[in-house]
Amino acid sequence: MPMEYQRASEEFERFLGLARERAGLSTRNQTYTMVQAVLQVFRRRLDMRQAIAFAAVLPPVLRAIFVADWDLDAPALPFGARAAMTREVQSLRRDHNFAPDTAIADVAFALWQVVDRAALQACLSALPAEAASFWNEAG
């Protein structure tokens, strides 16, 4: 059994802790909603082939969240301004969403800490140029 599956829960907890701290959130639930929303906003901007390539570089739990509840018939949306995509992040479960205006950068920061950086960089270089900007942890 691959080690990434054996340690999936531990690695996901580490990721959530990094994202929670960076975003200044109080709970795992708040952090999970933010992470789920950021992943969905990004996924909406990829075609299926691109999304599967991106999912392949994610740790197992993040990979599962990324592909969950995917409407395969929905057309890909264009990348837009960071502020507009952040509002989209903040619209998921609006009454329970505490994602700050830095949510995308906060999740990006945590993601870069838990992935194979070279694999993620290679994946992003094969995607539209805006994909790399989306995952820029500086915002």
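Predicted model: local features only at pLDDT ≥ 70, side-chain atom pairs only at ≥ 80, totals over all residues.

Trainee: Which residues touch the most other members of the largest nonpolar core?
Mentor: They are F15, F42, F54 and W135, in a core of 43 residues.

Trainee: What is F54 in contact with, leaving aside its neighbours within four places in sequence?
Mentor: Its contacts are L39, F42, L46, F66, L111, L120, C123, L124 and W135.

Trainee: L46 is on that list. Where is L46 placed?
Mentor: L46 sits in the loop between helix 3 and helix 4. Its relative accessibility is 5%, so L46 counts as buried. Beyond the neighbours within four places in sequence, L46 has contacts with A51, F54, F66, A76, F79 and L127. The C-alpha atoms of L46 and A131 are 8.8 Å apart, although 85 residues separate the two along the chain.

Trainee: What about W112: buried or exposed?
Mentor: W112, which is found in helix 7, is buried, because its relative accessible area is 9% and the cut-off for buried is under 20%. Setting aside neighbours within four places in sequence, W112 is in contact with R117, L120, Q121, L124, W135 and E137. For W112 and E137, which are 25 residues apart along the chain, the C-alpha atoms are separated by 8.0 Å.

Trainee: Changing topic, how many aromatic pairs are there in the whole structure?
Mentor: A search finds 9 aromatic pairs. One of them is the stacked pair of F12 and F15, with 6.3 Å from centre to centre and 20 degrees between the planes.

Trainee: Why are F12 and F15 separated by about one helical turn?
Mentor: Because they are 3 residues apart in helix 2. An α-helix has 3.6 residues a turn, so residues three or four places apart point the same way. As for accessibility, F12 counts as buried at 10%, and F15 also counts as buried, at 2%.

Trainee: Which residues do ring pairs link into a cluster?
Mentor: That cluster holds F42, F54, F66, F79, F134 and W135. F42, F54 and W135 have come up already, as residues that touch the most other members of the core.

Trainee: What comes just after helix 5?
Mentor: D69 takes a positive phi there, of about 55 degrees, although D69 is not a glycine. This residue lies in the loop between helix 5 and helix 6, and D69 counts as exposed because its relative accessibility is 68%. R93, in the loop between helix 6 and helix 7, likewise has a positive phi, near 45 degrees. R93 counts as partly exposed, at 36% relative accessibility.

Trainee: Which residues make the nonpolar surface patch?
Mentor: M48, I52, V67 and L72 make a patch of about 350 Å². I52 is found in helix 4 and is partly exposed, with a relative accessible area of 47%.

Trainee: Last topic: how many salt bridges does the structure hold?
Mentor: There are 7 salt bridges. R7 forms one with E10, where the closest N and O atoms are 3.0 Å apart, and another with E11, at 3.3 Å. A further salt bridge joins R22 and D106, with the closest N and O atoms 3.7 Å apart. That pair links distant parts of the chain, R22 being in helix 2 and D106 in helix 7, 84 residues apart.

Trainee: Is D106 buried or exposed?
Mentor: D106 is buried, with a relative accessible area of 3%, whereas R22 counts as partly exposed at 36%. Elsewhere, salt bridges that share partners join R7, E10, E11 and R14 into one network.

Definitions and conventions. Residues numbered from 1 in each chain as written. Heavy atoms only, no water. Core = buried A, V, L, I, M, F, W, Y, C linked by side-chain atoms within 4.5 Å. Buried < 20%, exposed > 50% of the residue type's maximum accessible area, 1.4 Å probe, protein only. Contact = heavy atoms within 4.5 Å. Patch = residues over 30% accessible without salt bridge, like charges linked within 9 Å, V, L, I, M, F, W, Y side chains within 5 Å. Areas by Shrake-Rupley, 256 points an atom, 1.4 Å probe, with all protein chains shown as cover. Salt bridge = Lys/Arg side-chain N within 4 Å of Asp/Glu carboxyl O. Helix = DSSP H or I, 4+ residues; strand = E, 2+ residues; numbered from the N terminus. Phe/Tyr/Trp six-rings, centres within 6.5 Å; stacked < 30°, edge-to-face > 60°.
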